[in-house]
Amino acid sequence: VEQLPGALINGLTLGSVYALIALSYTMVYGVLRLINFAFAGLFTVGAYGAIYFVGALGLGTPATLPAALLLVGLGLGVAMLVAGVVGVAVERVAYFPLRRSKSILAPLISALGMSLVLVNGLQLIAGTEPKFFPSVLQETVTIAGIRMTGIQLLVIPLSLALMAVLYVFVTKTSLGLKIQATSENLETAQLMGISVNRTIMLVFFIGSALGGAAGLLYTLYYGVAIPTMGFGPSIKAFTAAILGGIGNIPGAMLGGLLLGIAESLVSTYVSAATGGALGPNYQDVFVFLILIAVLTFRPQGLLGERLRTK
Amino acid sequence: MRLPSFFRPAILPMRSGEATSARAMSVLILLAAVLPVSGLINDVGLQLAFNIVFYATLALGLNLVVGFAGLLNLGYIAFFGIGAYTYAILASDQFGLHWPIALVIPLAALIATAFGFLFALPTLRLRGDYLAVVTLGFGAIVELIANNAIGLTNGPKGIYGIDPAQLFGVELSGMTGYYYLMLVAAAVMIFLTLRLGASRIGRSWAAIREDEAAARASGIDTVRLKLLAFTLSAAAAGAVGPIFAASQAYIGPMQITIDASVLVLTMVILGGTGSVRGAILGAVILVLIPEFLRDFAAARFVVVGATMVIIMIVRPQGLIPPNARPVGDLLARIASLRKVTGRA
């Protein structure tokens, strides 16, 4: 029981990273009904972009708190920009030519292909050995009796802030309304004079930028980046998006946070509960069982509307 | 659940196209059968030929679900892994069990089918792309269990010293025996999928693939037929597993990663989704080409990924689509070319 607050904080940290990627899935799925498998790659591309940029500037571990925050802010900006630009390029190359395709298989396969190109291309360019962002905010602080690292203290509010900004952007601005209209009905939106093409590119830019931000936060949390690190979080984020109701922005946030907490609780307690028969490695099995259970009993997700089959 | 009319003889006689394919396939299998005794290939060549036949068999199984029914299975190799591990566990010193392969092959197919049934059922009622993610997750879970359930699977080290296959009291030793065993499996898959494709079931699958809502409206039980395609494909992969495990005397988690699933999928779509000849051609190309990129696993998968994107954009039907007549078309094209040049 004394582990509970720590497990919850870990879960919230992971969950807010999942929520960011889940938002990417949800936004792209909302407008194109496409599972953008390339997020596994964009997540990593963003993190690597930031690591290389900071490395090229010759910045090491910052000495003071403001410098550390500035460094993280700079890294996030670069990660989001790089992932966003690459994400739009992926859309132009791999999805745009298939937008009129009748088959749902073709865009999915193209997305999978793009994800392979990104992850393995990164491996070719950067090598398979781990890369490091300058270590920042490693100090632990104790708030109300709960020990947490500076990173956790940063990741959770930062992700929440990004989500809040996105939510306001989508619901309150005219660009956001265009996104909503396009995801409601692509053809009708076009007839209303919305440049559907530009809107879709914007969605890909925002979605990929969120994925890139998630990639850097994940790297900060675990301390290292490797080219294949996007695979696990992207499956979990997709589960989170379905759990919350795919296409639904608050749903993606809720799903991400719930999933992160569930995963953390399972990895903390399952080993003890089963007398060590199942190690903490099995947390992924539980995430998968959650996905199956949601699809069986509530396929529209917690906050989603019922999806039509076609 | 009442099974669809799987064993009921097809009402239609073989269509001419299918009969031609069946003849061409018989010739191909015969050629493959004389290859080891022809003296044309050495041991390395035989190993390569085994790999081609092995991957072609897997690709034909995946083609059932991706090509015929239009459903994306991204965890296909997990079913193969379940089959391979079933034999490894039941026929090695891991638990001191030594079951005969003739018994394990159907058992492996059955277990793979059961898993396929369990995990596909909840998703098949939903949009097809949910299945893609569930199968991706399923593949990751099977790999995770292979790596972590050390008591059962020996963890990352894998299971060594798997029994060689014994058939009719003869122990298979050396590559040649396994080559022929795999060739039999391939032949079964070839004729099964040709026959299925032309049957009532095959036509229902095609209807679902082209337009699911219309298929349902015409009275096709889409969920049941999708489930049939998925489980048949899982059974095929499960049955191939023991043969492969016996031929290598080893199975480990590195052999059942997502990369392998993606490789087989690329064979199917490169050759021609839904096409039996295409799946075989895809296996030939993707076994032979990576030989040159062997030391660059990452480069290989950049090529595989780019191939998937390019094929989908430029030629989504693949190199040999189901109804293409490559030789006839080529001759016709040459003839028309001659006409043009003759006029000039």
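## Ground rules

The model is predicted, so local features need pLDDT of at least 70 and side-chain atom pairs count only at pLDDT 80 or more, while totals for chains, interfaces and linings use all residues. Residues are numbered from 1 along each chain as its sequence is written, chains are lettered from A and ligands numbered from 1 in the order written, and side-chain values use heavy atoms, with hydrogens and water left out.

## Chain A overall

Chain A has 11 helices and two strands; helices here are DSSP runs of H or I with at least four residues, strands are runs of E with at least two, and both are numbered from the N terminus. In sequence order the pattern reads α-α-α-α-β-β-α-α-α-α-α-α-α.

The radius of gyration of chain A is 19 Å, which agrees with the value near 19 Å for a compact globule of 310 residues (taken over C-alpha atoms; the rule is 2.2 Å times the number of residues to the power 0.38). Along the principal axes, the C-alpha trace of chain A spans about 55 × 50 × 40 Å. Buried residues are 53% of the 310 in chain A (buried means under 20% relative accessible area, exposed over 50%, partly exposed in between, with a 1.4 Å probe and protein chains only). Of the chain A contacts with a separation of 6 or more, 76% join residues 24 or more positions apart; a contact means heavy atoms within 4.5 Å.

## The H5–H8 pair

Helix H5 (residues 150–172) and helix H8 (residues 196–222) of chain A have axes that come within 10 Å and cross at roughly 170 degrees. Axes are lines fitted to C-alpha atoms, for helices over the stretch in contact, with angles from 0 to 180 degrees between N-to-C directions. H5(A) and H8(A) are therefore roughly antiparallel (over 145 degrees; under 35 is roughly parallel, 65 to 115 roughly perpendicular, the rest oblique).

On the H5(A) side, the contact includes Val155(A), Leu162(A) and Phe169(A); H8(A) brings residues including Ile206(A), Ala213(A) and Tyr221(A).

## Two buried loop residues

Asn36(A) sits in the loop between helix H1 (4–32) and helix H2 (39–56) of chain A. With a relative accessible area of 1%, Asn36(A) is buried. Leaving aside residues up to four places away in sequence, Asn36(A) touches Tyr25(A), Val28(A), Leu42(A), Tyr95(A) and Phe204(A).

Over in chain B, Gly158(B) lies in the loop between helix H6 (150–153) and strand S3 (159–160). Gly158(B) counts as buried, at 0% relative accessibility.
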